[in-house]
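Here are my notes on the structure below. Please read them with the model open beside you.

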Amino acid sequence: MRTNSSPFGLSPAACAVWAKSGDETGWLALPQHMLDSAGVAGMLWDEWASSLVRDTICRFTSLDAGQGRTLLMWLAGVHDIGKATLTFQLKPVQRADGAAFTDQLRDAGLPLRVPIFESDLPRFPHALASRAIVSPWLTDRGVAPLVARSLADVVDAHHGIPSRRTEREGATAALLTYDPAWTNVHHELLGLLAGVTGIESLIPHLRTEIEGPAQSLLTGLVIMADWLASGADIFPMAASGMAAHDAEAQAQRIRDGFWRAGLTAPWEPRHAPRTDRPGVAALMQQRFSWPEGRTARPVQQAIADLCASFDGPRMVIVEAPTGEGKTEAALLAAESLARATGAGGAIFAAPTMSTANGLFDRVTDWAARSTSAGEITTMHLAHSKSRLNHSFNRLRYQDIGQDEGGDHGAVVARAWLSGRKKGLLSNFTVATVDQVLLMALQGKHSMLRHLGLAGKVVIIDEVHAYDTYMSRFLQMALRWLGHYGTSVVLLSATLPAAQKRDLIAAYQPMRRRRRNRSKSPSSAAPHPHQQMSHAYPLITAVSAESVDEATVEPRDDDLDARVQIIDDGMDELIRQLSDLLAGGGCALVLCNTVARAQEAYGRLHQVFTGDVELHHAAFTARDRADKEAALLGRLGPEAHRGAGRPERSIVVATQVAEQSLDIDVDLLITDIAPADLLVQRIGRLHRHERPESERPPLLRSPQVLVRGILATAPAPVFDSGAAAIYDGRLLLSTLALVMQQMAPHGFHRPSDVPSLVQTAYGESPPIPEGWADTWDKALIDSEKARRRARARSNTFMFPEPTAASSLLDLFSVRDHDDSTETGEAAGLAQVRDSDPTIEVIPIVIEGSEYRLLPWMPGAENGLFFEIPPPEGAARTLAESTVRLPSRLTRSPDQFDAVVGHLEAATPLSWQGAPLLTGQLALPLDQDLRTTLGGRSLSYSRTLGLVDESSSVSATAYRQDSRPPIPKEC
């Protein structure tokens with residue numbers, strides 16, 4: 001194993017140091033990898049990074065675009081200089097081919113004795129060594145020590161987390177004991193990169209200490225460059241270690257490798273017509289395949305008018321009822337905001353996996369239609385089950401030559417831009433909201449998430465659905481996005497004024513504080529004190545300097561529903577359904593907990609045999625998807641009486657019907673819930689316009705029956721499920737409004753929505769005098785819950801961007817890494833404030849074999865524990881996950897015991913099936929029962945997963961001031 005004579009004029013010693021030990025095709029010398037990394041970084045700056053990201057880095061570093069590119073190339077080029085240490089170079093000693101590496105080093109004149117000081121260090125990773133080499137090199141050339149250390153922090157963190165302060169002094173001391181032969185290699189390689197990048201000419205301009213936000217974006221780009229340059233399929237190994245021997249050959253290697261990676265240029269939305277009504281209608285027809293003659297809805301027209309004047313980043317809040325076209329309005333806003341800021345893509349974040357999956361095709365089609373003909377753009381679906389989404393898989397394996405996009409661009413999913421770490425680096429992403437909330441969570445490689453989000457327009461749907469804890473993470477994410485100059489679009493059907501003020505305060509003051517360069521919390525801009533409009537629908541545009549509101553012409557009321565409170569007993573529920581469905585009709589019975597829904601289904605099934613179905617989150621993902629697809633076919637917008645819509649149907653469901661299902665029912669019976677969620681639920685009642693003949697005579701006037709209330713006098717008593725899930729203050733204020741306003745006067749959609757929600761969440765709801773003591777206690781309990789949520793969220797949360805003087809400030813908690821299924825689940829639990837739960841795949845054990853659940857395709861075939869299942873069975877299994885009740889895993893001891901039991905029962909052969917790697921099996925007997933953690937569980941196609949040991953088998957939720965969204969991710 002010998003190196004080439006002197007590529008790039010390097011000494012034999014410099015060429016002998018390895019960076020990638022390689023494979024049968026060869027290896028990579030450290031100077032080759034450094035040159036590759038620098039070249040790729042230059043290509044990322046020129047060809048991939050949006051102008052928004054480039055401008056933000058330049059603003060933070062006080063450099064121009066050319067200087068920013070030079071700095072990035074140099075940082076990427078030198079990030080692995082710490083591999084020129086004995087700790088790293090002697091790693092192959094125990095390998096069969098290790099002697100070749102050590103002989104090469106020895107022949108080049110490099111001594112192989114590890115200095116005593118270095119051998120005493122508990123850890124001496126090469127990233128830390130890079131920091132210790134780079135920082136003095138800069139100071140020796142006149143860079144101020146603070147500035148030099150802030151730049152060295154970037155190379156130190158290129159494995160996703162910075163070294164600890166306690167490690168740094170020892171690393172510097174260890175390098176001082178090195179033989180001059182090694183020190184000469186360090187200086188030679190740094191000199192090579194200085195010449196290639198031109199960093200020497202930039203040194204006089206490096207006067208500003210690089211703080212945490214700038215370090216985060218630069219580190220994200222360095223990580224990207226490193227990962228690309230480390231891919232043997234992108235940058236092949238070489239027999240001599242040096243794949244290129246002069247600048248021209250190296251430039252060609254960079255171009256070829258970057259092309260093989262398949263990265264696409266930043267999105268530039270194609271030209272949009274004028275913003276008057278005909279122009280917007282034409283735009284909507286082109287972007288969303290609208291038929292000729294269809295006009296934009298008022299919200300969509302208002303968005304187009306407002307966004308046309310934007311000249312910089314904004315947070316746009318859209319408050320409008322269901323059916324106003326908020327999704328299309330948000331995508332229109334994304335185009336305008338991208339033009340105004342230079343954003344290179346967009347992310348659409350939905351509350352659940354189901355809603356994300358439902359949005360994926362719509363956003364993909366828009367992404368293609370908003371991209372110019374001949375251009376290719378990348379798309380990613382970001383949630384834990386994305387590999388099972390057929391539309392996403394079609395993009396992953398699509399041959400772009402088969403679909404050039406016609407008169408618009410083409411959308412693909414690139415292999416390199418996949419997975420938990422890299423997916424957000426695609427131009428477009430559809431995701432669960434966790435992917436944005438995780439921006440505020442301390443975690444390894446968080447720099448990649450910041451880089452992916454900072455350059456996009458961020459759209460977040462159903463903002464009202466997040467509880468106090470999640471809202472804290474959302475507000476911190478908004479602070480960082482505002483600091484980066486990233487535009488945000490927030491969508492909500494019902495947004496309480498206090499929550500809206502918090503969101504505005506989170507986004508807006510960070511930009512002011514950045515200009516003031518102040519780190520004092522007292523410098524934050526106060527909440528906006530101006531009177532917020534209660535108009536509805538309403539669009540609010542937030543810039544660094546102002547909050548502007550645009551009212552939208554409301555549509556006429558399309559619902560005038562009678563509202564009635566009924567007794568909570570099952571006999572009363574059966575009586576109401578029997579009377580009201582006497583002439584047929586479709587009813588939705590919406591329950592707050594899985595256990596309550598299962599109980600209701602069991603009783604109703606006995607009376608209305610064949611007409612009742614159950615929907616909740618405790619079905620396997622496959623069963624739930626099948627059931628929901630069938631339900632949409634019967635109660636969706638295309639189903640009609642005599643053509644798919646049943647004569648009589650009772651759907652019993654939990655909150656999954658609150659957000660994810662576009663169904664239309666004739667009658668709604670719902671458990672009590674906070675006012676905004678009650679409005680969401682009523683949104684399923686008479687949802688679609690139908691001829692009067694399609695509604696049964698008894699249900700042509702819409703009716704809402706409210707249950708879950710055990711007593712109203714002398715003070716309210718709520719069902720235990722509602723009391724466990726929802727904040728008592730909100731239940732009381734909502735019930736007061738139901739009794740005093742909705743029951744006497746009905747509910748009118750949408751005109752009643754703003755006053756109902758704002759009053760329920762306001763400071764002075766109309767609480768009856770007799771409830772005073774209960775109300776006072778609820779206020780105290782609510783405030784305690786808020787404080788607990790704030791305290792819990794602070795444990796894992798990023799600091800404010802202006803309080804992050806370095807990357808070290810972003811990683812005070814170092815135990816989270818979402819690179820695995822377990823790590824991702826832990827991260828999602830932290831941003832959702834949920835108890836740790838375990839996702840399992842039910843299998844049926846039959847002797848030495850196991851089978852799929854009986855109703856699944858292929859269930860007749862036995863599968864062997866020792867042999868990986870066939871591809872079709874593996875996919876069916878992967879689609880059949882369900883979460884265990886959290887009571888089984890609430891304590892650490894319970895969690896470990898249950899995981900240990902399931903690991904022992906899981907076929908080892910699953911590790912050989914990519915879709916099943918890391919999954920856990922739930923072994924069931926032939927009656928589909930098992931005992932786990934001392935509890936009896938069963939699974940059925942009609943009831944889902946049942947905890948037979950408890951009369952309350954619902955998932956436990958924390959009691960915060962806002963209800964949690966369903967935990968599906």
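1. The axes of helix H13 (residues 212–229) and helix H22 (residues 446–454) come within 8 Å and cross at roughly 105°. Axes here are lines fitted to C-alpha atoms, for helices over the stretch in contact, and angles run from 0 to 180 degrees between N-to-C directions. H13 and H22 are therefore roughly perpendicular to each other. The cut-offs are under 35 degrees for roughly parallel, over 145 for roughly antiparallel, 65 to 115 for roughly perpendicular, and oblique for the rest.

2. Which residues meet there? From H13 come Ser 216, Leu 217, Thr 219, Gly 220, Leu 221, Ile 223, Met 224 and Trp 227, and they meet Met 447, Leu 448, His 450, Leu 451 and Ala 454 in H22. The residues of this contact divide into nine nonpolar, four polar and no charged. Ala, Val, Leu, Ile, Met, Phe, Trp, Tyr, Cys and Pro count as nonpolar; Asp, Glu, Lys and Arg count as charged; the others, Gly among them, count as polar. Contact means heavy atoms within 4.5 Å.

3. A word on the source. This is a predicted model, where local features need pLDDT of at least 70, side-chain atom pairs count only at pLDDT 80 or more, and totals for chains, interfaces and linings use all residues. Residues are numbered from 1 along each chain as its sequence is written, and side-chain values use heavy atoms, with hydrogens and water left out.

4. Now the whole chain. The protein chain has 37 helices and 30 strands. Helices (H or I, at least four residues) and strands (E, at least two) are DSSP runs, numbered from the N terminus. The C-alpha trace spans about 95 × 70 × 60 Å along its principal axes. Of the 969 residues, 62% are buried. Buried means under 20% relative accessible area, exposed over 50%, and partly exposed in between (1.4 Å probe, protein chains only).

5. Next, the cores. A nonpolar core is a set of buried Ala, Val, Leu, Ile, Met, Phe, Trp, Tyr and Cys residues joined through side-chain atoms within 4.5 Å. The largest nonpolar core has 144 residues, and Leu 44, Trp 48, Leu 263, Met 315, Ile 460 and Leu 478 have the most contacts inside it. A second, separate core of 61 residues includes Leu 581, Leu 888, Trp 910 and Leu 928.

6. Look at Leu 937, in strand S29 (residues 935–940). At 0% relative accessibility, Leu 937 counts as buried. Beyond four places in sequence, Leu 937 touches several residues, including Leu 884, Leu 888, Leu 928 and Val 946.

7. Is Gln 703 buried or exposed? Gln 703 is buried, at 6% relative accessibility. This residue sits in strand S19 (residues 703–707). Leaving out residues up to four places away in sequence, the contacts of Gln 703 are Arg 562, Leu 580, Leu 667, Leu 668, Leu 685 and Leu 698.

8. Compare Pro 298, in helix H16 (residues 298–307). Pro 298 counts as partly exposed, at 34% relative accessibility. Neighbours within four places aside, Pro 298 is in contact with Glu 324, Val 552 and Glu 553.

9. Finish with helix H36 (residues 871–878). Ala 873, Ala 874, Thr 876, Leu 877 and Ala 878 are its buried residues.
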